[in-house]
Amino acid sequence: MCRFREYLRAIPGEHANALVQCGRQEEKTAMEHALLERRVQTLVKLNPALAEAATLQKTIITVLYAATAPIRPIVLPLRRAREKLSGGVPLLHGESVFLDDGFIRDVFGRLVNVLRSRADTAEKAGQLAEAAYEHRLHVEHAVAEAFVNHPEHLDQVAIEAGVSPELLQMLAQLSARPILKAYAEHVAPALQAGRDDWDRGYCPMCGAWPGLAELRGAEQLRHLRCLRCGADWTITRLRCPFCGNDHHDALGYLQAEGERRFRVDVCRGCGGYLKAGSSFDAAPTELLALDDLASVHLDIAALERGQQRPPEPGFRLELVDGEDDLDDD
Ligand SMILES: [Zn+2]
Ligand SMILES: [Zn+2]
C-alpha cells in the first residue's frame, strides 16, 4: 500500500502547445503499435497487479487504432470559432456532426467481441450482442448519446434494451472516441488559432472534464487532456479546472512516497481532483487510457480522502441535426 504526502501546489508558468502532427499513415501506425507495446510492458513491469487490466487496454487500444472514423467537414470560420471559445462554448457544440452508422456498428461489434472473449465480461457482453441482434438495442443511438456525453440518456437506452448500463456506457464511450478524435483533429486548427480565448477547465472540443493533466518538459508546463477526444489545452496556472478556485491555500496535491511520474491535484474548494503525470510530449489520444490505468492508485487515494470527480460533464454538448437522410454516398 502506498503512503501519500500532501503538498501545496506551486507550478511554474505554462502556455499552450501545438498539437503533434504525424507523417505518413503507415509509418504512424507502426510507431503507434511499437509505442503501445513499450508502454504496456513498462506499465506491467512497474505494476504487476495491473497486468490483466493492461492486456485488456492493449486489445481495446489496438481496435481503436485500427478505426479511422469517416467525417464530413465542419465549416467553422475563425471568427465564429473565437466567439465560441471566448464564450466558453466547446467547438463541436451546435455543429452538424456526421455519425456513420456502418463505422459505429463495426467498432462497437469489435469491442463487444473483445469482452465476449473474457470470462468476467462474457455473459453481459453476450446479452448486449443479443439485444443488438434483436434490435432491442440501437447501437447507433447509444454511441450518439456517448458522443454528446449524456450519461443519463445512455442509462435509459440500456434499461430499455435490458442490458448492463455500466457495460453499455463503457462500450458506447469507447466506440465514440475515434469519431470524437477525428472531429477534434479536424477542428484543431481553430482551437490552435483561438487558444488564448479559452479559459475554461472543460474540454474546448467536446465539453468533458479533463481526465489527466500532463506536466511537460523541464518546466513542467501543465496541459489538460480530454480522455474522450484527446484535446490538449491549458488554463491559468494554479487554478482548479472544475470550479475556477485560484486560492493557493485551497489547492494542493498528493504524491505517493517514492513516486516520480504521477501526482493528483486536489481542490478544497469544490472537492475535485485531477491526476497529473510528467510527460515529454503530448501522449497519443489512445494511450491516455494507459496513463489513466497506470495512475489508478491515485484515484483510490483521492477518493479515500473524500475528493471526487464532478458527476456532470463540464458543458452539455448538443448537436444540430445532420443531413443523414440525404446521405447517398
Ligand atoms: Zn474532449
Ligand atoms: Zn475546485
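The questions below concern a predicted model and why some of its features carry the labels they do.

User: Why is His135 called exposed?

Analyst: His135 has 9 C-beta neighbours inside 10 Å. The cut-off for exposed is 12 or fewer, so His135 counts as exposed. His135 sits in the loop between α5 (122-133) and α6 (139-147). Its phi is near 60°, a positive value in a residue other than glycine.

User: What makes Gln220 partly exposed?

Analyst: Gln220 has 15 C-beta neighbours inside 10 Å. A residue is exposed at 12 or fewer and buried at 20 or more. The count for Gln220 falls in between, so the label is partly exposed. Gln220 lies in the loop between β2 (212-216) and β3 (221-225). Gln220 also has a positive phi, about 55°, although it is not a glycine.

User: Why are α6 and α7 called roughly antiparallel?

Analyst: Two packed helices are described by the angle between their axes and the distance between the axes. For α6 and α7 (residues 151-161) the angle is about 165° and the axes are 8 Å apart. Angles over 145 degrees count as roughly antiparallel, and α6 and α7 therefore get that label. The crossing of α6 past α7 is left-handed.

User: Which residues make the contact of α6 with α7?

Analyst: From α6 come His141, Ala142, Glu145 and Ala146, and from α7 come His153, Leu154 and Val157. These residues divide into 4 nonpolar, 2 polar and 1 charged.

User: How do you know that β2 pairs with β3?

Analyst: Pairing needs at least two bridges. There are 5 bridges between β2 and β3, so the two strands pair. They run antiparallel. Arg216 has Leu221 in β3 as its bridge partner. The two strands form a hairpin with 4 residues between them, and Gly217 in the turn has a positive phi of about 70°.

User: What makes β2 and β7 a pair, and in which direction do they run?

Analyst: β2 is joined to β7 (residues 273-279) by 4 bridges. At least two are needed, so β2 and β7 pair. These strands run parallel. Opposite Glu214 stands Gly277 in β7.

User: How do you know that β5 pairs with β6?

Analyst: β5 (residues 251-256) and β6 (residues 262-267) are joined by 4 bridges. The requirement is at least two, so β5 and β6 pair. They run antiparallel, and Leu254 stands opposite Val264 in β6. β5 and β6 form a hairpin with 5 residues between them. Gly258 in the turn has a positive phi of about 85°.

How values were computed: Residues are numbered from 1 along each chain as its sequence is written. Chains are lettered from A and ligands numbered from 1 in the order in which they are written. This is a predicted model: local features need pLDDT of at least 70, side-chain atom pairs count only at pLDDT 80 or more; totals for chains, interfaces and linings use all residues. Axes are lines fitted to C-alpha atoms, for helices over the stretch in contact, and angles run from 0 to 180 degrees between N-to-C directions. Angles under 35 degrees count as roughly parallel, over 145 as roughly antiparallel, 65 to 115 as roughly perpendicular and the rest as oblique. A crossing is left-handed if the near helix is turned anticlockwise from the far one by less than a right angle, and right-handed if clockwise. Two residues are in contact if their C-beta atoms, placed from the backbone, lie within 7 Å. Ala, Val, Leu, Ile, Met, Phe, Trp, Tyr, Cys and Pro count as nonpolar, Asp, Glu, Lys and Arg as charged, and the others, Gly among them, as polar.
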